[in-house]
Amino acid sequence: MTIKGKAYIAGAFEHPTRLAPDKTVAQLHAEVALGALEDAGLTRADVDGYFCSGDAPGPGPASMAEYMNLKLRHMDSTEIGGASYIALAAHAAEAIALGKCDVALVTLAGRPRSEGMATGTAPRPRDPNQPEAAWEAPYAITTANGYAMCAMRHMYEYGTTSEQLAWVKVAASHHAQHNPHAMLPEVVTVEDVVNSPMIADPLHRLDCCVISDGGGAVVLVRPEIAKTLRRPLVKIVGAGEAVKHLAGGTFDLTTSGASRAGPIAFAEAGVTPADIKYASIYDSFTITVIIQLEDLGFCAKGAGGKFVADGNLISGVGKLPFNTDGGGLCNNHPANRGSMTKMIEAVRQLRGEAHAAVQVKDCDLALAQGTGFQLATRHGSATLIMERE
Amino acid sequence: MAVFAARKLAPPVVTAEGKAFFDAARQGRFLIPVCTACDRAHWYPRAVCPFCAGEDVAWREASGKGTVYTFSVMRRV
């Protein structure tokens, strides 16, 4: 059993807002849902499967299903942080392949910017029933701290430099200059990044993603339905997911869950990293991109710093164009979760609808990669490979 | 030389699985959990061994020696 070719992404929509003090989270979910359905040429009445995660208000899918007045016969509210939306798209493809639903809606939305949330630099509240809480919470680890510890170890083991990390941000900024919605559209240099204030050693301010409101949605459908719609055909060909954790204390912080999710996705798709024309790679911090690129096999473990240097991720310049919308580092990071917007930009690339300045020529095979929760402790990882038909 | 602001750390939530550790810590002893079935130490402490699923986990006093694996100092909050 495979999902290869069993489902198509027929609709995709990214909310244009980056600051939404006058909207509710439920409203943003509904707006992105309607946007993605309109993009597909479908309506709410066509939706029989709904997929959401921890950002959706209310427990699981019930509250949003009611708000949007959906009549569902299949639903899923997998929570692996920011990686959830790629995993949910894969779960939607699985459900479609099994005949459990025909039109699957996946939504993400949130307002951390309006709510004044110190996303990366303040400890997040934890449920005391989480078994690790007693052993970690007292030390008040922050998101930036954790990812920074991974970067520090990567530097120690492989000689990765701050300048190499900076190239990830430089490439993202080259793309963001063409995105009218990007929060940070200015092109920056390696010097700008390494001279920006230190947030958590060795990560500088410009190594960190933005905090934004907003959201996004995708609609997946059966092949027979996709072929009746007006949009270019974007087919799911492979997916993988994993949870990586500290494994009783036997861990390696230079490796992410992508080292397991990626090979599963490539095997299902029957392709290799060399076949990928465009990659959306989750970029909470610059180090997140380097570690995932290695884990996915775009380069050897430890060679990620060298791989991203000298503009290798810039569309039209380097070998692997990435995050051509500017990514989380420059464009947006709605609900502090990245994989929905990663998927959406990959769909744009496959449709030939990315900005002309960053559109990859003959882009027929793309990958989207998400990481959720904390790279340094336990996190979800999800990989999706899509093909233009 | 950087100046670090003193920060107030919240006391740990002491659960049934962690009580022996924190009782010993209060007396200045650092205990680590070791499975009596497979003789492996694990962290964080739990009642079920993550390696062999053994349910008889004992406490052993640690030497107190170790190697720093990685670190990061939060500069901006």
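Across the interface of chain B and chain A, the rule turns up one salt bridge, the term standing for a side-chain nitrogen of Lys or Arg within 4 Å of a carboxyl oxygen of Asp or Glu. The partners are A:Asp201 and B:Arg75, whose side chains come together at 2.7 Å, N to O. On the side of chain B that touches chain A, the residues split into 16 nonpolar, four polar and five charged (Ala, Val, Leu, Ile, Met, Phe, Trp, Tyr, Cys and Pro count as nonpolar, Asp, Glu, Lys and Arg as charged, and the others, Gly among them, as polar).

This is a predicted model, with local features needing pLDDT of at least 70 and side-chain atom pairs counting only at pLDDT 80 or more, while totals for chains, interfaces and linings use all residues. Residues are numbered from 1 along each chain as its sequence is written, chains are lettered from A and ligands numbered from 1 in the order in which they are written, and side-chain values use heavy atoms, with hydrogens and water left out.

As for the interface as a whole, 25 residues of chain B are in contact (heavy atoms within 4.5 Å) with 32 residues of chain A. About 2300 Å² is buried between the two chains, 61% of it on carbon and sulfur atoms; buried area here is the accessible area (1.4 Å probe) that two parts lose on being put together, summed over both. B:Tyr44, B:Tyr69 and B:Met74 account for 29% of what chain B buries against chain A, more than any other three residues.

Within chain A, A:Thr78 touches A:Cys52, A:Ser53, A:Ser84, A:Leu88 and A:His91, leaving aside residues up to four places away in sequence.
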